[in-house]
Amino acid sequence: MHAVEVADLVKSYPKNPAPAVDHLSFQVQAGEIFGLLGPNGAGKTTTVGVLTTRVLPSGGTAKVGGVDVAADPVSARRKVAVVPQRVNLDRGLNARQNLVFHASYHGLPRRERNRLADELLERMGLAMTSPAARRSA
(Lines give C-alpha, C1' and ligand atoms only; values in the text may rest on other atoms or scores of the structure.)
Protein backbone atom coordinates (compact mmCIF):
# COMPACT_ATOMS: atom_id res chain seq x y z
CA MET A 1 0.00 0.00 0.00
CA HIS A 2 1.19 3.51 -0.82
CA ALA A 3 1.31 6.30 1.76
CA VAL A 4 -0.30 8.60 -0.83
CA GLU A 5 -1.84 7.60 -4.13
CA VAL A 6 -3.33 10.09 -6.57
CA ALA A 7 -4.83 8.78 -9.80
CA ASP A 8 -6.17 10.96 -12.61
CA LEU A 9 -7.08 13.72 -10.12
CA VAL A 10 -9.13 16.61 -11.49
CA LYS A 11 -10.39 19.71 -9.72
CA SER A 12 -12.43 22.25 -11.63
CA TYR A 13 -14.11 25.38 -10.34
CA PRO A 14 -17.32 26.68 -11.96
CA LYS A 15 -16.03 30.18 -12.73
CA ASN A 16 -12.69 29.07 -14.19
CA PRO A 17 -12.62 27.39 -17.63
CA ALA A 18 -9.24 25.73 -16.98
CA PRO A 19 -9.07 23.03 -14.29
CA ALA A 20 -6.95 23.82 -11.23
CA VAL A 21 -5.72 20.22 -11.31
CA ASP A 22 -5.85 18.37 -14.62
CA HIS A 23 -5.51 14.55 -14.51
CA LEU A 24 -2.67 14.45 -11.98
CA SER A 25 -1.28 11.05 -10.96
CA PHE A 26 1.51 10.14 -8.54
CA GLN A 27 2.37 7.74 -5.73
CA VAL A 28 4.36 8.22 -2.55
CA GLN A 29 5.81 5.19 -0.79
CA ALA A 30 5.83 4.95 3.02
CA GLY A 31 9.00 6.62 4.32
CA GLU A 32 9.67 8.38 1.02
CA ILE A 33 10.41 12.11 0.98
CA PHE A 34 8.27 13.71 -1.70
CA GLY A 35 8.13 17.29 -2.94
CA LEU A 36 5.26 18.74 -4.93
CA LEU A 37 6.82 21.50 -7.03
CA GLY A 38 5.51 23.80 -9.71
CA PRO A 39 4.91 27.42 -10.64
CA ASN A 40 2.16 29.55 -9.16
CA GLY A 41 -1.20 28.30 -10.35
CA ALA A 42 0.01 24.77 -11.07
CA GLY A 43 -2.43 23.20 -8.59
CA LYS A 44 -0.13 22.38 -5.67
CA THR A 45 -2.32 23.97 -2.99
CA THR A 46 -5.46 22.50 -4.53
CA THR A 47 -3.89 19.03 -4.55
CA VAL A 48 -2.91 19.32 -0.89
CA GLY A 49 -6.44 20.61 -0.21
CA VAL A 50 -7.86 17.43 -1.75
CA LEU A 51 -5.46 15.21 0.20
CA THR A 52 -6.38 16.92 3.48
CA THR A 53 -10.13 16.76 2.64
CA ARG A 54 -10.61 20.54 2.53
CA VAL A 55 -11.30 20.43 -1.22
CA LEU A 56 -13.57 17.93 -2.98
CA PRO A 57 -12.13 16.51 -6.19
CA SER A 58 -14.09 16.83 -9.44
CA GLY A 59 -12.70 13.56 -10.75
CA GLY A 60 -10.12 10.86 -10.19
CA THR A 61 -9.11 9.48 -6.82
CA ALA A 62 -6.86 10.46 -3.96
CA LYS A 63 -5.94 8.09 -1.16
CA VAL A 64 -3.99 8.60 2.05
CA GLY A 65 -2.86 5.42 3.77
CA GLY A 66 -5.21 3.46 1.53
CA VAL A 67 -8.24 5.58 2.49
CA ASP A 68 -10.14 7.41 -0.26
CA VAL A 69 -10.25 11.04 0.90
CA ALA A 70 -13.60 11.72 -0.81
CA ALA A 71 -15.33 8.51 0.27
CA ASP A 72 -14.16 8.53 3.91
CA PRO A 73 -12.82 11.98 4.85
CA VAL A 74 -12.92 11.39 8.62
CA SER A 75 -10.72 8.29 8.38
CA ALA A 76 -8.43 10.05 5.89
CA ARG A 77 -7.90 13.00 8.27
CA ARG A 78 -6.79 10.55 10.96
CA LYS A 79 -3.96 9.43 8.67
CA VAL A 80 -2.54 12.81 7.72
CA ALA A 81 -1.01 15.73 9.58
CA VAL A 82 -0.50 19.16 8.11
CA VAL A 83 1.66 22.00 9.33
CA PRO A 84 0.11 25.13 7.81
CA GLN A 85 2.14 28.09 6.63
CA ARG A 86 0.05 30.40 8.79
CA VAL A 87 -1.71 30.04 12.13
CA ASN A 88 -5.08 28.47 11.40
CA LEU A 89 -6.78 29.08 14.73
CA ASP A 90 -10.04 30.99 14.72
CA ARG A 91 -9.29 34.22 16.58
CA GLY A 92 -12.98 34.58 17.39
CA LEU A 93 -12.79 31.43 19.53
CA ASN A 94 -11.00 30.92 22.83
CA ALA A 95 -8.39 28.17 23.31
CA ARG A 96 -10.91 25.54 24.45
CA GLN A 97 -13.30 26.29 21.60
CA ASN A 98 -10.48 25.94 19.06
CA LEU A 99 -9.49 22.56 20.52
CA VAL A 100 -13.09 21.34 20.44
CA PHE A 101 -13.54 22.59 16.85
CA HIS A 102 -10.43 20.78 15.59
CA ALA A 103 -11.37 17.58 17.45
CA SER A 104 -14.77 17.75 15.76
CA TYR A 105 -13.07 18.18 12.38
CA HIS A 106 -11.21 14.93 13.06
CA GLY A 107 -14.43 13.09 13.88
CA LEU A 108 -14.12 12.71 17.65
CA PRO A 109 -17.45 12.28 19.46
CA ARG A 110 -18.66 15.31 21.45
CA ARG A 111 -17.97 13.79 24.89
CA GLU A 112 -14.45 12.73 23.87
CA ARG A 113 -13.52 16.09 22.33
CA ASN A 114 -14.73 17.98 25.41
CA ARG A 115 -12.85 15.63 27.74
CA LEU A 116 -9.65 15.90 25.70
CA ALA A 117 -9.89 19.69 25.43
CA ASP A 118 -10.25 20.00 29.21
CA GLU A 119 -7.39 17.54 29.75
CA LEU A 120 -5.05 19.40 27.38
CA LEU A 121 -5.86 22.80 28.86
CA GLU A 122 -5.22 21.46 32.36
CA ARG A 123 -1.93 19.87 31.28
CA MET A 124 -0.76 23.14 29.71
CA GLY A 125 -1.86 25.25 32.68
CA LEU A 126 -4.64 26.89 30.69
CA ALA A 127 -7.69 25.42 32.45
CA MET A 128 -10.62 27.84 32.71
CA THR A 129 -9.62 28.59 36.30
CA SER A 130 -6.30 30.07 35.18
CA PRO A 131 -5.90 33.78 34.35
CA ALA A 132 -4.61 32.90 30.84
CA ALA A 133 -7.76 30.90 30.06
CA ARG A 134 -10.05 33.65 31.33
CA ARG A 135 -8.28 36.19 29.10
CA SER A 136 -8.87 33.98 26.04
CA ALA A 137 -12.49 33.22 26.92
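## Model confidence

The structure is a predicted model. Its mean pLDDT is 89. Of its residues, 93% reach 70 or more.

One stretch needs a separate remark. Residues 132-137 have pLDDT below 50. Beyond near neighbours in sequence, this stretch has 10 contacts in the model.

## Helix 3 against helix 4

Two packed helices are described by the angle between their axes and the distance between the axes. Helix 3 spans residues 95-105, and helix 4 spans residues 110-123. Their axes come within 9 Å. The crossing angle is roughly 135 degrees.

Helix 3 brings Ala95, Arg96, Leu99, Val100, Ala103 and Ser104 to the contact. Helix 4 supplies Arg113, Asn114, Ala117, Asp118, Leu120 and Leu121. By class, the residues of this contact are seven nonpolar, two polar and three charged.

## Salt bridges

Side chains of opposite charge can pair when their charged atoms come close. The structure holds four salt bridges. One joins the side chains of Asp118 and Arg96, at 2.7 Å from N to O. This pair links distant parts of the chain. Asp118 lies in helix 4 and Arg96 in helix 3, 22 residues apart. Both residues also belong to the helix 3 and helix 4 contact.

How values were computed
Residues are numbered from 1 along each chain as its sequence is written. This is a predicted model: local features need pLDDT of at least 70, side-chain atom pairs count only at pLDDT 80 or more; totals for chains, interfaces and linings use all residues. Side-chain values use heavy atoms; hydrogens and water are left out. Axes are lines fitted to C-alpha atoms, for helices over the stretch in contact, and angles run from 0 to 180 degrees between N-to-C directions. Helices (H or I, at least four residues) and strands (E, at least two) are DSSP runs, numbered from the N terminus. Contact means heavy atoms within 4.5 Å. Ala, Val, Leu, Ile, Met, Phe, Trp, Tyr, Cys and Pro count as nonpolar, Asp, Glu, Lys and Arg as charged, and the others, Gly among them, as polar. pLDDT is the predictor's confidence in each residue, from 0 to 100.
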